[in-house]
Amino acid sequence: MSKTSIEIIQADITALPVDVIVNAANRSLMGGGGVDGAIHRAAGPQLLEECRGLNGCMTGEAKMTSGYNLPARHVIHAVGPVWDGGKRDEDRLLGNCYRNCLRLADQAGLTSIAFPSISTGVYRFPIERACHIALTETLRFLEQGTSLEKVIFTCFSDQDLQCYRETYRRLSL
Ligand code: AR6
């Protein structure tokens with residue numbers, strides 16, 4: 001069992017005072033709608049300036065920036081897969097997103113990270129399937145030992161919250 005605590009909450013991720021929040025970005029890293037738009041609005045224009053220098057990001061990968069006006073100190077921009085029926089390696093690519101975010105946070109010695117539900121909005125990844133991948137990848141990563149003391153899964157809707165809580169309960173049995 002890892003010593004890291006896992007919290008599943010319903011919240012606006014831009015309000016969380018953690019070491020790092022994860023952004024569900026696109027490959028351009030130049031902003032967009034959904035949680036990406038909310039993070040850029042709350043962080044201010046300097047975030048886009050820093051992102052401009054990153055030369056985008058491949059699907060399944062992640063890059064870290066400062067958090068600027070956010071209460072979070074950093075942002076990890078992760079690019080989830082667009083759901084296309086499950087035949088385009090979407091599961092593996094989504095798993096890579098979570099692992100790469102956790103690895104970046106750990107390498108920076110950070111202690112708290114908050115994830116949104118990557119790919120399950122505009123990118124249409126089915127929530128049950130995405131939630132299972134998010135939780136299993138995270139639990140597996142934490143078993144290795146890490147600087148992270150707290151991992152927060154931030155759900156936007158009641159249904160997503162229920163799905164995460166129920167899936168986590170089943171995985172912990
Ligand atoms: N806090 C927490 N979760 C949120 C917030 C928020 N403030 N706002 C939305 N969500 P999405 P994707 C939830 O569409 O599917 C963007 O245009 C939302 O309810 O933001 O990975 C990017 O630029 C959903 O559960 O991300 C990309 O082009 C989850 O965040 C594309 O969308 C993810 O939904 C990425 O699509």
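**Exercise 1. Find which side chain has an N or O atom 2.7 Å from an oxygen atom of the ligand.**

Step 1: look at Asp36, whose side chain puts an N or O atom 2.7 Å from a ligand oxygen.

Step 2: On its own it has 700 Å² of accessible area (Shrake-Rupley method, 1.4 Å probe), and the protein covers 89% of that.

A word on the model: it is predicted, so local features need pLDDT of at least 70 and side-chain atom pairs pLDDT 80 or more, while totals for chains, interfaces and linings use all residues. Numbering runs from 1 along each chain as its sequence is written, and side-chain values use heavy atoms, without hydrogens and water.

**Exercise 2. Work out which residues come nearest to the ligand, and which element gives the largest share of its shell.**

Step 1: take the 22 residues around the ligand (a heavy atom within 4 Å). Asn26, Gly33, Asp36, Ser119 and Val122 come nearest.

Step 2: sort by element. Helix 1 (a DSSP run of H or I, at least four residues) gives the largest share, four residues.

Step 3: sort by class, and you get 10 nonpolar, nine polar (Gly counts here) and three charged residues.

**Exercise 3. Say what space the ligand takes.**

Step 1: the ligand takes the largest pocket, with more than half of its atoms within 2 Å of the grid points.

Step 2: recall that a pocket is an open set of points on a 1 Å grid over the protein atoms alone, where a 1.4 Å probe fits, with protein on both sides within 12 Å along at least five of seven lines.

Notes
Polar contact = N/O pair within 3.5 Å; in protein donor to acceptor, adjacent residues only side chain to side chain. 1 Å grid on protein atoms, 1.4 Å probe; cavity = no way out; pocket = protein on both sides within 12 Å on 5 of 7 lines; lining within 4 Å. Helix = DSSP H or I, 4+ residues; strand = E, 2+ residues; numbered from the N terminus.
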